[in-house]
Amino acid sequence: MEFNLLADIAEYCAREKKDMAQAMLDYEMKNKHLSREDVYSGLKRVLLTMEDSVEQGLTQMVISPSGMLNNWAKTVYNSKTETLGPRLKKAIARAIAVGEVNACMGKIAAAPTAGSAGIMPAVLVTMIEEHNIPREKLLDGLLVSSAVGLIFAKNSSFAGSEAGCMGETGSAAAMAAATIVYLLGGTNDQILEAVGFALKASMGLVCDPVGGLVEEPCTTRNAVGVANAFVSAQMALAGIKSLIPVDEVIFATKEVGDLMSPRLKESGQGGLANTKTGRDIQKRVFRTAE
Amino acid sequence: MSQQPSIFDILGPIMIGPSSSHTAGASRIGYIARQLLHDEPKKAVITLYNSFAKTHKGHGTDKAIIGGILGFGPDDERIRESHELAKKQGLEWEFQFRGDATKFHSNTARVKLFGKKGGAVEVVGASLGGGRIRIQEIEGFPVDFTAQAHTLVIIADDIPGSIKNISGAIAEHGVNIANMFVSRNETKANMVIELDQAVNAETLQKIESLSWVRFVRHVEPMTEHSSRYEK
Ligand code: SF4
């Protein structure tokens, strides 16, 4: 069983009268010779890991070995000032939490990468908290996110060294946007629109981590990725349309990734990594760490 | 149809952070080295190349490799304390760094292990991203496998009929050979055989008992469940 475009998946759903989660369940069961239970128990492990990583980042001391991250998730979560009420604040704190746990050698589920691992957990935990979505249903939300990831990986790339951060936090935000639309009862068309919005917002984002560590700007980009996911899902659920069809948007991310200078793709030679302060931090971290 | 990716390639791996290439992949290289040693390691000499050499500290690459050598999977939280645990178990280790080895992939490690029973093995592996690895050298022989299938690694005297004999022994037990990769030096041949399923102990013993076979190891496929690894 093979899907090469998001449109293929939507077509399969229409033909088989299934939703996108069921389509991905069929895909995994057929291709990997797994039972329904196998797939769901795998998804449960992913969800549990995600929930634990959020919890850890919000409750434990998390100071990364480089010192660049220092209990930011708790700082945001407990902040008295709220730009848009407590919901957005808490949602983004959850993404930062996972970023910090990851930097401190905690356990995370890459989704789709370790650098972008904060976005899906933050969105899922927020959907439980704010919309009372049952945990069982979140597993289907994960399946829907995997549809987006699958097609993105085929037609673009998750690697920061190939597609920049557009490939990591951009694709994660798109996966998460699809999950939100699905969990709120949106149609397949709306799911695809949301993916399009999220990717368009990340188009051309460079990968420029300071000192080559998955900390700065990765952690705060995860927070922005969560906001992107909710914004994109909101627009799609309201019924507005991304004028460029989502599969074409994905091809555009590939083109843009190819056009981006290698200096801006995880090489440490451009962007924030190459700023005066970025270089200073790099020197300090790798000297004191030796 | 080519092999389709799993949804768990996208939602996963479940791993100890911070980096799938510099942490998860590194632990897997250490773990493969342990399987190839087939003994409790007492000493490890590890050379990190290129990006591994430059940024190992910040990514915990050194802890991850030692964790792998102790038998921990990439999602095993004991990786964080692997150096302390290794000391307790009497493992000695030494790291060397080569920042500009252009002939190697940017994330490459060489692991030389010495076992408590006196054996030793030397392995070079590259971490490809997403936790995937490729083993590139064993005991000086160039090899190329990803440890995603059951894999046999055999070193034998390079005598006529050696390959036929070994593949015969495997086929006898109804195991399919998916891929076979042979390399040679002046006197010996190295065979890396990827199998559709595990071989039984009997087959392994049979191959080992051939007088011209020097080294036989079974490497299990790498999956993220640490339950598959030694606890
Ligand atoms: S900046 Fe680079 S390393 Fe950091 S999350 Fe983005 S793609 Fe990953």
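These questions and answers concern a predicted model. Local features need pLDDT of at least 70 and side-chain atom pairs count at pLDDT 80 or more, while totals for chains, interfaces and linings use all residues. Residues are numbered from 1 along each chain, chains are lettered from A, and side-chain values use heavy atoms without hydrogens or water.

Q: Why is Ile177(B) called partly exposed?
A: Buried means under 20% relative accessible area and exposed over 50%, with partly exposed in between (1.4 Å probe, protein chains only). Ile177(B) has 32% relative accessibility, so it counts as partly exposed.

Q: Where in chain B is Ile177(B) found?
A: Ile177(B) is in strand E9, residues 177–184; strands are DSSP runs of E with at least two residues, and helices runs of H or I with at least four, numbered from the N terminus.

Q: What makes chain B as compact as a globular protein of its length?
A: Chain B has 7 helices and 11 strands. Its radius of gyration is 17 Å, close to the 17 Å that the globule rule gives for 231 residues, so chain B is as compact as a globular protein of that length. The radius is taken over C-alpha atoms, and the rule is 2.2 Å times the number of residues to the power 0.38.

Q: How much of chain B is buried?
A: Buried residues are 57% of the 231.
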